[in-house]
Amino acid sequence: MHEMGLMDAVLRMVTRVCEEEDVGRVDAIVLEVGELSGVLPHFLRECYEAIIEDTPYEHTRLEIETVPGTLYCHDCGHEFRPDLSDLRCPQCLSRNLTPRTGRDFTLKEIIPVFEEEDGESGDET
Amino acid sequence: MNPFKVIEVKESIFADNNADADRLRQELKGQGTYLLNLMSSPGSGKTSTLKRTIAALKDELRLGVMEADIDSDVDAAAITEAGARAIQLHTGGMCHLDADMTRQGIREFGTEDLDLVILENVGNLVCPAEFDTGAVKNAVILSVPEGHDKPLKYPLMFEVANVLLVNKIDVLPYFDFDLEKLTEYAHMRNPGLQIFPVSAKTGEGMDAWYDWLRREVKNWKSK
C-alpha cells in the first residue's frame with residue numbers, strides 16, 4: 001500500500017530528528033498533508049497503527065493537518081479549489097492546470113513527552 | 001535533553017531520501033555507471049522492452065538489470081538469457097524503491113564494471129514517482145491498452161519522467177488510444193518529456209530509444 005511506504009519514511013525522519021535534537025520519547029508526530037499530494041489521511045492512520053507496533057512510537061499519537069489544494073489554470077488564469085473527481089477548470093474546462101498549494105507532504109513538528117521526573121507518561125489511551 | 005519545546009521540523013517527508021539519492025548519483029558518477037530507473041504499471045511490457053534493448057546494446061555496453069518488481073522473479077532468468085547480468089531485489093512487499101534500497105542492491109550486485117544499469121522499479125504509477133532512487137534519469141513505459149489519459153490521472157509520474165515509451169503501438173488499431181492527446185496531456189505535466197512510440201514486440205520505433213540510451217551513457221561518462 002502506498003501509505004505504508006510513506007509512513008516508513010515518516011518514522012525514519014522522526015527518528016533522525018529525535019537523535020539530532022536529543023529527544024527521548026515522543027508524545028505526538030504532526031504531519032501536514034496537502035489535498036493534492038495523493039496521500040490519504042485515512043490510510044495514513046491505518047498504516048501508522050500497524051507500523052508503530054513494537055517500536056518506540058507505540059504510544060505516540062499521530063496528528064494530521066490537511067492543507068487545502070488550489071489549482072491554477074494556464075488558459076484563463078482562474079485559481080480554484082478543484083473537485084478531485086473532475087480535474088478541469090470550472091471556468092473554461094481546460095486541463096492545463098498547475099497546483100499552487102496542497103502538493104506537499106510534510107513533517108511539521110514533533111512533540112516530545114513532557115518528562116517532569118521520570119514519570120510513566122506517554123501511556124495515554 | 002530537551003523536554004519542553006515542540007520540535008519544529010517543517011521538512012518534506014521526501015527530503016531525506018532526496019539527499020540520499022543525490023549522494024548515490026555522485027557515487028555512481030565516480031564509478032562511471034549510468035543508472036536508469038524504469039517505471040510502469042504491471043503488464044506494460046517492461047520485460048519485453050528490456051529483453052529487446054539488451055539484445056540491441058549488449059555488444060557495445062556492459063549491461064545490468066536490477067529487478068524490484070514483486071512479480072518478476074521469473075523475469076530475471078529471461079534477462080540473463082538475453083545477455084545482461086541480473087539481480088532480483090527483495091523489497092519486502094514495499095510499493096517502491098528508495099535510494100537506500102537501491103544502494104543496497106547496487107552494492108550486492110557489484111556495478112563497478114557496468115556501463116548501464118536499469119532498475120526495474122515496482123510496477124505501479126504512484127509510489128515509485130515519489131521516491132528518487134538515485135538514478136540519473138527516469139523512464140516510464142505506458143502501453144496502448146492502458147489508455148491515453150494516464151498523465152491526467154498520475155500527474156506526478158509524468159512530471160518526474162525524462163522519457164516516456166509508449167509501448168504496444170502494434171495494437172493501436174484495436175484500441176481507442178489517441179497518441180496526440182497523450183502527447184498533449186503528457187507535455188502539460190512536463191514540457192521537456194521525450195516521447196518514443198514503440199513496439200517491443202515488433203521492434204518498431206525502438207532505434208530512437210536505443211540512440212537515446214547510447215547518448216545518455218556517453219554523456220554521463222564524459223562529463
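Over all chains, the predicted model holds 26 salt bridges, a salt bridge being a side-chain nitrogen of Lys or Arg within 4 Å of a carboxyl oxygen of Asp or Glu. One of them pairs B:Glu159 with A:Arg103, with 3.2 Å between the closest N and O atoms. B:Glu159 lies in helix H7 (residues 155–160) of chain B and A:Arg103 in the loop between strand S5 (97–101) and strand S6 (105–112) of chain A, so this pair joins two chains. Helices (H or I, at least four residues) and strands (E, at least two) are DSSP runs, numbered from the N terminus. B:Glu159 is partly exposed at a relative accessible area of 28%, and A:Arg103 is partly exposed at 29%; buried stands for under 20% relative accessible area, exposed for over 50%, and partly exposed for values in between (1.4 Å probe, protein chains only).

B:Glu159 also forms a salt bridge with B:Arg189, where the closest N and O atoms are 3.7 Å apart. B:Arg189 belongs to helix H8 (residues 179–189) of chain B and B:Glu159 to helix H7 of chain B, so the pair ties together parts that are 30 residues apart in sequence. B:Arg189 is buried, at 15% relative accessibility. Elsewhere, A:Arg16, A:Glu20, B:Glu11 and B:Asp16 are joined into one network by salt bridges that share partners.

A further salt bridge links B:Lys137 and B:Glu216, whose closest N and O atoms are 3.0 Å apart. Because B:Lys137 lies in strand S6 (residues 137–143) of chain B and B:Glu216 in helix H9 (residues 206–222) of chain B, the pair ties together parts that are 79 residues apart in sequence. B:Lys137 is partly exposed at 24% relative accessibility, whereas B:Glu216 is buried at 14%.

A patch of negative charge on the surface is formed by A:Glu49, A:Glu53, A:Asp54 and A:Glu58. Patches are made of residues with over 30% relative accessible area and no salt bridge, like charges being joined within 9 Å and nonpolar side chains (Val, Leu, Ile, Met, Phe, Trp, Tyr) within 5 Å. Within this group, A:Asp54 is located in the loop between helix H2 (41–51) and strand S2 (61–67) of chain A. A:Asp54 is exposed, with a relative accessible area of 70%.

A search of the whole structure finds 0 disulfides over all chains, a disulfide being a pair of cysteine sulfur atoms within 2.5 Å. The cysteine sulfur closest to that of A:Cys76 belongs to A:Cys89 and is 3.7 Å away, too far for a bond. A:Cys92 is likewise in no disulfide, its nearest cysteine sulfur being that of A:Cys73 at 3.7 Å. A:Cys76 is partly exposed at 34% relative accessibility, and A:Cys92 is partly exposed at 34%.

Most residues other than glycine have a negative phi. A:Leu93, a residue other than glycine, has a positive phi near 65 degrees. A:Leu93 sits in the loop between strand S4 (79–80) and S5 of chain A and is exposed at 53% relative accessibility. B:Lys10, also not a glycine, has a positive phi of about 50 degrees and lies in strand S1 (residues 7–12) of chain B.

Residues are numbered from 1 along each chain as its sequence is written, and chains are lettered from A and ligands numbered from 1 in the order in which they are written. In this predicted model, local features need pLDDT of at least 70 and side-chain atom pairs count only at pLDDT 80 or more, while totals for chains, interfaces and linings use all residues; side-chain values use heavy atoms, with hydrogens and water left out.

Terms used
Accessible areas come from the Shrake-Rupley method with a 1.4 Å probe; for residues, only the protein chains shown count as cover. Lys and Arg count as positive and Asp and Glu as negative; His and the chain ends are not counted. The place of a charge is taken as NZ of Lys, CZ of Arg, CG of Asp or CD of Glu.
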